[in-house]
Amino acid sequence: MKQYSVDVAVIGGGSAGLAAAIVVKKAELNVLIIERDKELGGITLQCIHNGFGLHEFKEELTGPEYVQRFINQAKELEIPAKLDTMVIEFTPDKTIYAVNKEEGLIEIKTKAIILAMGCREKTRGAINIPGFRPAGIYTAGQAQRFVNIEGYLPGRTFVILGSGDIGMIMARRLTWEGCQVKAVVEIQPYVSGLIRNEVQCLEDYGIPLITSYTITKIHGKERLKGVTISKVDRNFDRVIGSDKFIECDTLLLSVGLIPENELTREAGAEISQMGGPVVDNNLETKIDGIFACGNVLQVHDLVDLVTAEAKRAGLNAIEYIKERYSKKIGKKDQIKCIPGENVNYIKPDLINRADLSKNIIFTFRVKRPDRRLLIQLKDEKNKIVYKRKRRYVIPSEMIEIKLNLSEQQIDPESNTLEVEVIPRPEVLIEDD
Amino acid sequence: MIYDVIIIGGGVTGCNIARTLSKYNLKVCLLEKEAEIAAGTTKANSGVIHAGYASSREYIKRYLCIKGNKLYTQAAEELNFPFKRIGSFVVALEDNQIKQLEEERKKGIEDGIPGLEVILDKKKIKQMEPNLTDEVVGVLHAPTAGLASPYELTFALAENAAMNGIKFFRNHEVVKIKHQDYIFTIRTYEGEFQGRNIINAAGLHAARVSRMLGLDYFSIMPRKGEYILFDRNVFQLNKILFPIPTKVSKGILVCPTLHGNTFVGPNAQNITDREDISTTTAGLKEILDGGMKLIPNIPARSSIRNFAGLRAVPDTYDFIIDNTDVYGFINVAGILSPGLTATFAIAEKVVEFLELLGVELNVKEDYNPIRPKPERFKDFTKKELDKKIQEDPAWGRIICRCETIPEKEIINAIHAPVGANTVDGVKFRCRPGMGRCQGGFCRPRVIEILSRELNKPYVEITKRGEDTNILVGKTKDFMLKSERGGASE
């Protein structure tokens with residue numbers, strides 16, 4: 001068995017892993033990227049549309065162009081990467097086991113690990129669509145790989161379930177390939193991806209977006225022949241008599257993404273409700289010295305935000321090695337962040353009391369769209385420590401707040417911090 | 001060539017008969033209409049090896065089930081398919097059901113089912129199965145009940161049969177049978193086969209095959225059962241859990257699988273279309289509600305797949321295993337539950353019938369009953385794994401990350417006797433696509449490997465045979481065709 005020893009190992013060589021590794025390498029620490037695919041770049045490689053880099057580079061790039069900049073930088077910095085290598089286990093003492101064709105089983109001893117494994121797509125089973133199980137049903141990302149990487153078409157006439165970003169982008173992509181996209185069907189009363197994608201990918205091509213509908217039956221014994229869509233009521237129950245049949249040979253699912261944390265779970269790190277590991281304000285999981293960033297932590301809207309988060313994880317890993325690793329300083333007293341009214345989840349899950357004087361970045365999503373709101377942070381005694389107005393919120397847009405909690409005069413004894421998104425009181429008064 | 005025996009149907013019944021006959025000096029072949037074996041009723045089956053108390057004493061299936069259960073121990077050793085006796089509970093939720101459990105126990109013990117006991121000690125029950133509902137008042141515990149993977153069993157049987165010389169023809173649907181001068185001529189779309197004896201193990205289509213020879217004395221009704229499968233590690237059960245049975249079925253069970261998943265189902269719905277394996281909203285709700293009666297906190301959100309299978313229900317409600325009026329034609333039909341449990345006993349019975357027909361049964365000198373255990377990445381220690389990858393690098397390329405399946409296991413599945421030739425064939429043999437991502441990540445890679453190993457173009461790789469293409473063509477071909485005014489199909 002080959003054995004290696006590095007300061008920091010980064011699991012996943014996509015946009016998150018590359019950015020984190022570059023930061024670590026620049027601090028002159030010994031870093032290694034482990035990537036399961038044949039090349040670096042991750043899922044961004046198959047996102048050949050534009051719209052990347054507006055935050056990070058202040059210019060508009062395609063996915064491969066964006067990630068290539070990081071690949072080039074990693075090459076210049078001579079960051080070693082093990083490609084075509086699958087991590088099969090990592091342990092709480094930060095030893096990684098991986099396999100590849102050339103070296104067999106590899107053992108990598110590390111001081112810190114950065115998790116950057118990304119996410120995977122929800123499937124038909126996860127949403128339990130009844131009907132037959134013919135060929136011709138794919139997740140949107142899988143179809144994207146077939147078309148953009150392998151150069152094959154998975155079908156001719158499409159229905160797309162779910163208005164997630166990949167689904168809408170594939171609707172446009174397939175239209176360009178001469179395919180017919182008959183409809184994008186969304187169970188919610190609103191689009192679930194970014195508004196700009198709704199405009200640029202659907203409206204511009206006349207592809208109908210059918211909201212408050214879902215697929216209630218799959219037809220076709222061998223290859224897909226069509227789907228039945230039905231209107232749903234507020235509780236997502238089917239409205240009797242609203243069924244419509246749409247003929248198609250392919251169904252794409254764009255019904256959500258789940259962080260890919262099987263290894264994290266097996267290593268014993270606590271996983272939160274949304275599928276990402278529980279982290280503190282340093283993006284450190286419940287296991288000392290194991291950090292998480294990018295879509296393995298939480299599903300992001302834009303790759304630029306992934307990059308920013310990954311850089312923070314990299315910096316925190318450096319700090320961990322320099323400040324805490326040798327002294328074996330474990331985690332201290334922590335404050336728990338709680339999602340309150342209309343908040344689906346919040347990251348970080350925990351704040352180290354010792355870090356209260358630092359700037360902390362909170363990211364969260366709302367459960368449902370709303371307008372004219374107040375974002376509030378409350379401590380354990382319901383004292384409001386922070387509030388900010390916001391014109392509108394939608395679940396597809398992640399909200400980010402940067403805060404110094406001691407400046408906000410949080411009660412230093414408070415054990416919790418609750419985030420809520422509530423209607424602005426003045427609106428209530430006006431309405432009354 | 002004239003075969004001594006031709007078996008129609010490549011489900012667990014047909015393949016088991018094939019394997020049992022492979023012991024003898026006989027020319028035997030098996031015809032299967034689908035692209036893969038184990039593609040019908042066998043594929044969507046609970047996989048429960050019943051203890052045998054459930055069927056009525058008036059039916060032969062009760063006795064074949066009790067016998068078949070016992071035969072599993074040796075078979076699992078020889079054939080190396082996943083099998084485990086984990087025991088089952090029939091769960092009584094009301095006091096007045098206890099009497100029924102006692103009755104079943106008494107009759108079961110009389111008929112030779114070992115270890116049956118009625119447990120009323122709630123504490124003990126919960127200790128044995130902590131997930132069980134608090135409403136439980138008693139259970140019938142059958143320690144000899146177990147789980148087998150029905151399709152992996154069938155692949156093992158077919159592999160072993162093929163190793164011992166049985167010929168398998170897939171994609172061979174029987175359309176007509178002629179009987180003349182004690183020779184049967186079977187017509188398929190792919191050519192004709194001649195044989196002296198036919199074993200009809202055509203499952204849902206058995207009555208139709210039987211009628212090809214004018215034998216119209218039974219009918220087979222499809223009865224659908226729907227299932228929901230849950231992700232691994234979400235909740236794990238120790239026991240197979242049955243409700244109190246009804247007239248039509250053993251009810252909706254909650255059951256672990258040998259791969260660490262859990263499923264609920266099946267319901268029982270009589271239908272007319274023999275290919276209708278669709279699931280329904282009402283059905284999925286029914287089984288989830290049913291399952292929740294036994295395990296109240298089933299995490300519905302963690303389901304990874306729903307599916308349905310069809311039982312071949314004969315109008316006699318019992319197995320039909322007959323030497324028919326047409327000399328040399330044996331029906332093995334209506335093998336519904338507990339058909340999987342009884343399968344080894346059924347195969348033995350068929351051999352007895354062949355003997356009655358005067359077929360000479362001389363054991364082959366080189367008969368080998370052992371089907372070697374398929375090598376699995378997951379079974380290796382770290383040291384073994386390292387050695388394996390040094391020997392063959394294909395062990396080091398992981399194709400399916402949910403189930404940790406390397407390229408080598410897929411190659412082995414393709415090149416095994418009666419190996420996989422479709423994406424589903426690979427999936428059922430070595431599990432890429434069975435996990436929580438349901439093939440989202442590995443499918444393009446599985447297609448690539450199938451294409452390379454079978455030397456077939458990418459677009460000709462199918463999900464499960466004819467008309468189930470996964471890809472329709474190269475990206476630009478279609479555009480160019482449309483621009484030239486070609487048909488857009």
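Reader: Is B:Asp181 buried or exposed?
Author: Exposed, because B:Asp181 has 4 C-beta neighbours inside 10 Å. The cut-offs: a residue is buried if 20 or more other C-beta atoms lie within 10 Å of its own, exposed if 12 or fewer, and partly exposed in between, with C-beta atoms placed from the backbone. This is a predicted model, where local features need pLDDT of at least 70, side-chain atom pairs count only at pLDDT 80 or more, and totals for chains, interfaces and linings use all residues. Residues are numbered from 1 along each chain as its sequence is written, and chains are lettered from A and ligands numbered from 1 in the order in which they are written.

Reader: Where is B:Asp181 found?
Author: In the loop between strand S10 (174-180) and strand S11 (183-188) of chain B. Helices (H or I, at least four residues) and strands (E, at least two) are DSSP runs, numbered from the N terminus. The C-alpha atoms of B:Asp181 and B:Arg196 are separated by 9.5 Å. Those two residues are 15 apart along the chain.

Reader: Switching to the core. Which residues touch the most other members of the largest nonpolar core?
Author: A:Ala20, A:Ile114, A:Ala116, A:Cys293, B:Ile6 and B:Ala18, out of 246 residues. A nonpolar core here is a set of buried Ala, Val, Leu, Ile, Met, Phe, Trp, Tyr and Cys residues joined through C-beta atoms within 7 Å.

Reader: What is B:Ile6 in contact with, leaving aside neighbours within four places in sequence?
Author: B:Cys29, B:Leu31, B:Phe184, B:Ile186, B:Phe193, B:Gly195 and B:Ile198. Contact means that the two C-beta atoms, placed from the backbone, lie within 7 Å. There is also a second, separate core of 19 residues, including A:Ile335, A:Phe364, A:Val366 and A:Val421.

Reader: Domains next. How is chain A divided?
Author: Into domain 1 (2-120 + 258-331), domain 2 (123-255) and domain 3 (336-431). The bounds come from an automatic or database domain assignment. Over C-alpha atoms, the centres of domain 1 and domain 3 of chain A are 28 Å apart. Domain 1 of chain A gives 12 residues to their contact, and domain 3 of chain A gives 13 residues.

Reader: What classes of residue are on the domain 1 side of chain A?
Author: Five nonpolar, five polar and two charged residues touch domain 3 of chain A. Ala, Val, Leu, Ile, Met, Phe, Trp, Tyr, Cys and Pro count as nonpolar, Asp, Glu, Lys and Arg as charged, and the others, Gly among them, as polar.

Reader: And how is chain B divided?
Author: Domain 1 is 1-83 + 146-219 + 315-373, domain 2 is 84-145 + 221-310, and domain 3 is 379-475. In chain B, 32 Å lie between the C-alpha centres of domain 2 and domain 3.

Reader: How many residues of each chain are in contact across A and B?
Author: 46 residues of chain B and 43 residues of chain A. Elements of chain B that give two or more residues include helix H7 (281-294), helix H12 (443-454) and helix H13 (475-483). The chain B side divides into 18 nonpolar, 17 polar and 11 charged residues.

Reader: What about S15(A): which sheet is it in?
Author: An open sheet of three strands, in the order S15-S16-S17 (chain A), with antiparallel pairing. S15 (213-219) and S17 (244-247) stand at the edges with a single partner strand each, so one side of each is left without a neighbour in the sheet. Five of the seven residues of S15(A) are buried, so S15(A) is largely enclosed by the rest of the structure.

Reader: How many bridges join S15(A) to S16(A)?
Author: Six, running antiparallel. A:Thr214 stands opposite A:Ser230 there. The hairpin of S15(A) and S16(A) has six residues between the strands, and A:Gly220 in the turn has a positive phi of about 110°. S16 (residues 226-231) is also joined to S17(A), by four bridges. A:Ile229 has A:Lys244 as its bridge partner in S17(A).

Reader: Which residue takes a positive phi in the hairpin of S25(A) and S26(A)?
Author: A:Asn382, near 65°, with four residues between the strands. Eight bridges join S25 (residues 370-379) to S26 (residues 384-393), which run antiparallel. A:Leu373 stands opposite A:Arg390.

Definitions and conventions:
Pairing = 2+ DSSP bridges.
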